[in-house]
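Subject: Structure for you to look at

Hi,

Here is the structure I promised to pass on.

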Amino acid sequence: MPRPNLRKTFAILLFICCALAGGTAVAQGWKWAIGPTCGSLQGGSEGWLVKTDAANNVFVAGYYYGYNICFGPYSFYNPVNSANTTQAMVIKYDSLGNVLWAHASTRGQSRPMGIATDASGNLFMYGLFTTDTIAFDGTVIANTGFDTADRFSNTAYFLVKYSPDGNIIWARSGQTNIHPPANVLHPGAIATDAEGNAYISGVFNTPIFVANNDTVGNTGASNATNDIFVAKYNPAGALVWLKSFGGLKDDYIADIATSADNKLYLAGYFNSGYIRFGTTTLYTQFEKAFVACLDTAGKPQWAKGGNTKSKAEAIAVTRQNSIYVAGGFTDTLSFGDYFFRNNNGGYYLLKLDADGNTAAGKALYFTKPVTPCCNAYGLAADGCGNVWLSSNLDNGAGLVLDGTHTLYPPTGSTDPMFFAGYSSDGSLVGYATLKSGAGNNTGLSNTGLAADTSGNIYLSGDYRLQSPFVIGNDSLYIYNGAIATIFVAKYHPALACDTAITPPPVYPDVPIITITPNPAAYECVLDYNGSLGTGEANVALRDIAGRLIATYPITARKTILPISNLANGIYLCMVKVGAHPLYTILLSVAR
């Protein structure tokens, strides 16, 4: 359980010591770790989804089963109360590990597959459900294609958008039979772009796939093989387009990511003799990895495939637009100009250029044969251009990270895991191990990874047979004999980016914006000098906690902000053009 008061005391003492020494420092290592604060007999929780927002808040998603579960002041009760009935849940923490809000489904059976945040701090949760309806906070989501006669063909997807305060903005569902691979928990992924659009992906094995009023068909001869779908929703929740890719056998998509120029990158693997992405056709005689790029209209720009049996399981794009893809290999891997061979198997990490050509590659290999082997679970890019990979360790083997570093599972491990980071030139920049959290080698549980704007690393997974489960100075517990328990932990690498990297403005000019008078008593004027570019401009007035008070359109150079009804204090005036935040001005109200 977290001990925030002790952490704050330690932070103050550390600051005083650094100040007396004539400098400042941030110690590397685990900063905090948090799990549930209650659980039920024969219950449990699992999770592998973690993301951060621009304010360095942390979101964790997973599911629970059994009677109940608690996170800080939030308690949830399973409406079915069955060990086999799962309820999707998402928790928001601040950068210190305090719970800000939490939500869980309250009807039917559901499970998340991915989460993502946008530039405004909204959260998107994407998942699947197998019942006629599910509900989140009174919002009912229906499976319109539910078939009471065939309970095995009723897996639909849901997509929910939450505001920064945790309120549901909109919810959508898709009618199909989403079909994950047998050994992987998540059959798809989600990403957002700079405009606030959301992209979801997955696989379907029915004759048609229906999203809103759009439909795509299955290319399999029997209409029962796994094809890939990708859908784009705009910020208001309207479906923009729906695409599908596949061949005559089972094909899978494992992860997606967007770049600063709003391109969408897909990573997966296919078993069909060939698979087409636009004008590019990839061929195989066995399971083979692929990476593809789509433009904002969903048109394929390029696609690349491996040359040996392989999977592409995770993809990430840095702020510098470097593309990284990771996966596992059993003995050999050939992709582009890079070839790896190690009979013991391991993980690979490839760096691609903007055209999909392989620019660099690295292999992390085991010191002894590992069976089964191997799945790469999490991949995250930090603000420095480093990329971080997470997955499981094997109790019987070491994992070679580079020429001088080999990781071994900690003593007494159950499903041990690791993460390691590499710079753009392939140098190792950090790593850590835990006694549990990775599920197992078959991929039945995945380890999620994220990085914030300061380069801190966040790890999410679930631990088993470890009570207490010790991470740094925190001890997490298993309640009432739970099978597995979800957690999230924060790690500060030695070479973290302690200064956030701000991307360049996307406007013709950077205007000078002022508010006068400031402090103000009953009325003030927002004035700008320069161009706001194209798009609808507005200013959102929020209190110091970030709660929205009012939004005013900026239609002229001067915009009056009425503040007579506001109490004395500090407020945030957040200027935005379209989906792009420009900057925030502090407004003081004093009378």
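Let me start with a question: in the hairpin of β39 and β40, which residue takes a positive phi? Gly-455 does, with a phi near 85°, and that hairpin has five residues between the strands. Strands here are DSSP runs of E with at least two residues, helices are runs of H or I with at least four, and both are numbered from the N terminus.

Before the rest, a word on the source. This is a predicted model, in which local features need pLDDT of at least 70 and side-chain atom pairs count only at pLDDT 80 or more, while totals for chains, interfaces and linings use all residues. Residues are numbered from 1 along each chain as its sequence is written, and side-chain values use heavy atoms, with hydrogens and water left out.

**Overall**
Of its 591 residues, 57% are buried (under 20% relative accessible area; exposed is over 50%, partly exposed in between; 1.4 Å probe, protein chains only). Among contacts (heavy atoms within 4.5 Å) with a separation of 6 or more, 58% are between residues 24 or more positions apart.

**The hairpin strands**
β39 (residues 448-451) is covered on both faces: Gly-448 and Ala-450 are buried on one side, Leu-449 and Ala-451 on the other. Four bridges join β39 to β40 (residues 457-463) in an antiparallel arrangement, and Leu-449 has Leu-459 as its bridge partner in β40.

**A sheet and a core**
Six strands make an open sheet in the order β27-β28-β31-β32-β35-β36, with antiparallel pairing (two strands pair if DSSP finds at least two bridges between them). β27 (314-317) and β36 (406-407) are at the edges with a single partner strand each, so one side of each has no neighbour in the sheet. β35 (residues 399-400) is joined to β36 by two bridges, and Leu-399 is partnered with Leu-407.

Leu-399 also belongs to the largest nonpolar core, which has 24 residues (a core is a set of buried Ala, Val, Leu, Ile, Met, Phe, Trp, Tyr and Cys residues joined through side-chain atoms within 4.5 Å). Leu-399 is one of the residues that touch the most other members, a group including Leu-364, Leu-401 and Phe-418. β37 gives the most to this core, with three residues. Leaving aside neighbours within four places in sequence, the contacts of Leu-401 include Leu-364, Leu-407, Phe-418 and Tyr-431.

**Salt bridges**
There are seven salt bridges (a side-chain nitrogen of Lys or Arg within 4 Å of a carboxyl oxygen of Asp or Glu). Glu-46 and Arg-464 form one, with the closest N and O atoms 3.7 Å apart. This pair links Glu-46 in β3 (residues 44-52) to Arg-464 in the loop between β40 and β41, 418 residues apart. Glu-46 is buried at 9% relative accessible area, and Arg-464 is buried at 17%.

Asp-527 meets Arg-557 in a salt bridge at 3.1 Å, N to O, and meets Lys-558 in another at 3.0 Å. Asp-527 is buried, with 15% relative accessible area, whereas Arg-557 is partly exposed at 45%. Salt bridges with shared partners also join Glu-46, Asp-415, Asp-462 and Arg-464 into one network.

Enjoy exploring,
and all the best
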